[in-house]
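Let's take a friendly walk through this protein model. Have a look at the structure below, then read on.

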Amino acid sequence: MHPVKVLASHLRPGRGWQEHLAGEFSQPYMQALAEFLAAEEGAGKVLFPDSKHCFNALNSTPLDQVRVVILGQDPYHGPGQAHGLCFSVRPDVSPPPSLVNMFKEIQSDLGIAPPDHGCLQPWAERGVLLLNSVLTVVQGKAGAHQGKGWETFTDRVIDVVNREREGVVFLLWGSYARKKGQHIDRNRHLVLEGPHPSPLSAYRGFFGCKHFSRANEWLREQGKEPVDWQLPSKAGLIARYN
């Protein structure tokens with residue numbers, strides 16, 4: 001099977017994305033990306049997440065259920081961390097520093113105690129699209145797959161949400177996310193911008209931004225259910241997702 005068909009097969013049907021994104025897989029940039037990924041794997045490189053899970057964000061959050069979009073940049077490049085959702089790690093992996101700071105802000109903003117893990121899969125299943133700009137990386141090499149075509153594809157994903165949904169909240173943290181979300185229609189959606197939750201920048205305005213409560217206030221104003229930002233225990237998640 002041609003690499004692009006293999007890649008396309010990982011986008012699960014019935015989630016509403018295929019009708020808007022299927023045409024991307026016939027584009028030259030996507031064919032080149034698929035061949036590049038196949039060559040990387042053929043050369044014995046370890047990719048994170050594995051190709052079966054590169055579309056986990058789309059497969060976990062159907063288009064018609066998207067209420068909030070959080071934009072990230074690259075998957076984590078350490079073993080066992082990335083599973084296709086930005087900022088999230090598998091439940092048996094310690095939360096990275098940026099995610100720890102997100103949990104601190106949620107506790108300050110909403111009074112929700114930090115969980116004992118860093119798996120955000122339940123958020124994805126509650127309508128939070130956790131979308132990285134680049135969907136794969138090589139083990140131990142941050143940014144290894146930047147500029148290979150993923151950015152174009154994820155721009156299309158953002159455009160689909162922008163056009164097909166109403167009243168979505170976009171959380172854009174850091175200059176990279178703000179630039180990627182610059183074409184979002186502010187008349188139809190709420191765009192909340194702020195510093196990245198990284199320890200290098202969180203104290204410049206991420207802490208105290210109250211984006212999580214502001215997102216829920218907006219959703220209520222739109223007649224939508226607010227997001228339940230509380231996460232279940234690690235024990236339950238390990239049994240379910242690992």
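Let's begin with helix α3, which covers residues 28-42. Its 15 residues reach 21 Å from the first C-alpha to the last, close to the 21 Å expected at 1.5 Å a residue (the expected span is 1.5 Å times one less than the number of residues). Helices here are DSSP runs of H or I with at least four residues, strands are E runs of at least two, and both are numbered from the N terminus.

Which residues of α3 are buried? They are Tyr29, Met30, Leu33, Ala34, Leu37 and Glu40. (Buried means under 20% relative accessible area, exposed over 50%, and partly exposed in between, with a 1.4 Å probe and protein chains only.) Seen down the axis of α3, these buried residues fall within an arc of 135°, so they line one face of the helix; the arc is that of the directions from the helix axis to the C-beta atoms. The face turned away from the buried side carries the exposed residues Pro28 and Gly42. The buried residues pack against α1, β1, β4 and α7, where contact means heavy atoms within 4.5 Å.

## How to read the model

This is a predicted model: local features need pLDDT of at least 70, side-chain atom pairs count only at pLDDT 80 or more, and totals for chains, interfaces and linings use all residues. Residues are numbered from 1 along each chain as its sequence is written, and side-chain values use heavy atoms, leaving out hydrogens and water.

## The lining of a pocket

The lining of the largest pocket has 29 residues, and Gln73, Asp74, Tyr76, Phe87 and His196 lie nearest its centre. (On a 1 Å grid over the protein atoms alone, a pocket is an open set of points where a 1.4 Å probe fits, with protein on both sides within 12 Å along at least five of seven lines; lining residues have an atom within 4 Å of a point.) β2, α5 and α8 each supply at least two residues of this lining, and α8 gives the most, with 3 residues.

Phe87, one of the residues nearest the pocket centre, sits in the loop between β2 and α5. Phe87 has a positive phi of about 70° although it is not a glycine, and at 8% relative accessibility it counts as buried.

A cis peptide bond joins Phe48 and Pro49, with omega about -15°. Pro49 is placed in the loop between β1 and α4.
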